Amino acid sequence: MDLLLKFFVTNGYLMDALGVVGLGLLGLAAVRLSQRYRSWGGSLLASGALLLLLGRLWVLAAGQLMTPELAEEFGTTVTEIIALAPFALLTAGLAGVVWGLWGHEQWLRAER
């Protein structure tokens, strides 16, 4: 196996990259849905996809940027907030996607 491919596969970067690309495509599809049909569900779906993408990127970046020296400089409270913030973003993003899909479906039902 190629050394670069082995590095990506064993460290999980391939799945991270595919996940970020998938969330980006979900966001683009939601924006298109909201522009085409002018439904509030599509806008909420796009917002949820953006929150999911931000939460995922935060998880990926925090491991690289948050060093023990930086954590010591920030203090315990700020470090815990930085560590827990992605979970809030991911939870709110998933709720936005689900609520947006439901809202768009309700909007389509009302249009018929």
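## Helix 3

Helix 3 has 26 residues. From its first C-alpha to its last, helix 3 reaches 36 Å, close to the 38 Å expected at 1.5 Å a residue. The model described here is a predicted one.

Gly41, Gly42, Leu45, Ala46, Gly48, Ala49, Leu52, Leu53 and Gly55 are buried in helix 3. Where do these residues pack? The buried residues of helix 3 pack against helix 2 and helix 5.

## Helix 2

Helix 2 covers residues 13-37, which makes 25 residues. Its first and last C-alpha atoms are 36 Å apart, close to the 36 Å expected at 1.5 Å a residue. Asp16, Leu23, Gly27, Ala30, Leu33 and Ser34 are its buried residues. They pack against helix 3 and helix 5, the latter spanning residues 76-111. Just after helix 2 comes Arg38, with a positive phi of about 55 degrees.

Val20 is found in helix 2. Residues up to four places away in sequence aside, Val20 touches Leu53, Arg56, Leu57 and Leu60. Val20 and Ala85 are 65 residues apart in sequence. In space, their C-alpha atoms are 18 Å apart.

## The nonpolar core

Which residues make up the largest nonpolar core? It has 8 residues: Leu23, Ala30, Leu33, Leu45, Ala46, Leu52, Leu53 and Val97. Helix 2 and helix 3 each supply at least two residues of this core. The largest share, 4 residues, comes from helix 3.

Val97 belongs to this core. Neighbours within four places in sequence aside, Val97 is in contact with Leu26, Leu45, Gly48, Ala49 and Leu52.

## A nonpolar patch on the surface

Leu14, Met15 and Leu18 make a nonpolar surface patch of about 310 Å². Leu18 lies in helix 2. Is Leu18 buried or exposed? Leu18 counts as exposed, because its relative accessibility is 51% and the cut-off for exposed is over 50%.

## The loop between helix 3 and helix 4

Met66 sits in the loop between helix 3 (40-65) and helix 4 (68-74). Its relative accessible area is 23%, so Met66 is partly exposed. Which residues does Met66 contact, leaving aside its neighbours within four places in sequence? The contacts are Ala71, Phe74, Thr79 and Ile82. Met66 and Ala83 are 17 residues apart along the chain. Their C-alpha atoms are separated by 9.3 Å.

Thr79, one of those contacts, lies in helix 5. Thr79 has a relative accessible area of 18%, so it is buried; the cut-off for buried is under 20%. With neighbours within four places in sequence left aside, Thr79 is in contact with Met66, Ala71 and Phe74. Ala71 and Phe74 are also contacts of Met66.

## The loop between helix 4 and helix 5

Gly75 is found in the loop between helix 4 and helix 5. At 25% relative accessibility, Gly75 counts as partly exposed. Gly75 and Leu90 are 15 residues apart in sequence. From C-alpha to C-alpha, they are 24 Å apart in space.

## The salt bridge

How many salt bridges are there? The count comes to 1. The side chains of Glu105 and Arg109 meet in a salt bridge, at 2.5 Å from N to O. Both residues lie in helix 5. They are 4 residues apart, about one turn of the helix.

Glu105 has a relative accessible area of 30%, so it is partly exposed. Arg109 has a relative accessibility of 53%, so it counts as exposed.

Conventions. Residues are numbered from 1 along each chain as its sequence is written. This is a predicted model: local features need pLDDT of at least 70, side-chain atom pairs count only at pLDDT 80 or more; totals for chains, interfaces and linings use all residues. Side-chain values use heavy atoms; hydrogens and water are left out. Buried means under 20% relative accessible area, exposed over 50%, partly exposed in between (1.4 Å probe, protein chains only). Contact means heavy atoms within 4.5 Å. The expected span of a helix is 1.5 Å times one less than its number of residues. A salt bridge is a side-chain nitrogen of Lys or Arg within 4 Å of a carboxyl oxygen of Asp or Glu. Patches are made of residues with over 30% relative accessible area and no salt bridge: like charges are joined within 9 Å, nonpolar side chains (Val, Leu, Ile, Met, Phe, Trp, Tyr) within 5 Å. Accessible areas come from the Shrake-Rupley method with a 1.4 Å probe; for residues, only the protein chains shown count as cover. A nonpolar core is a set of buried Ala, Val, Leu, Ile, Met, Phe, Trp, Tyr and Cys residues joined through side-chain atoms within 4.5 Å.
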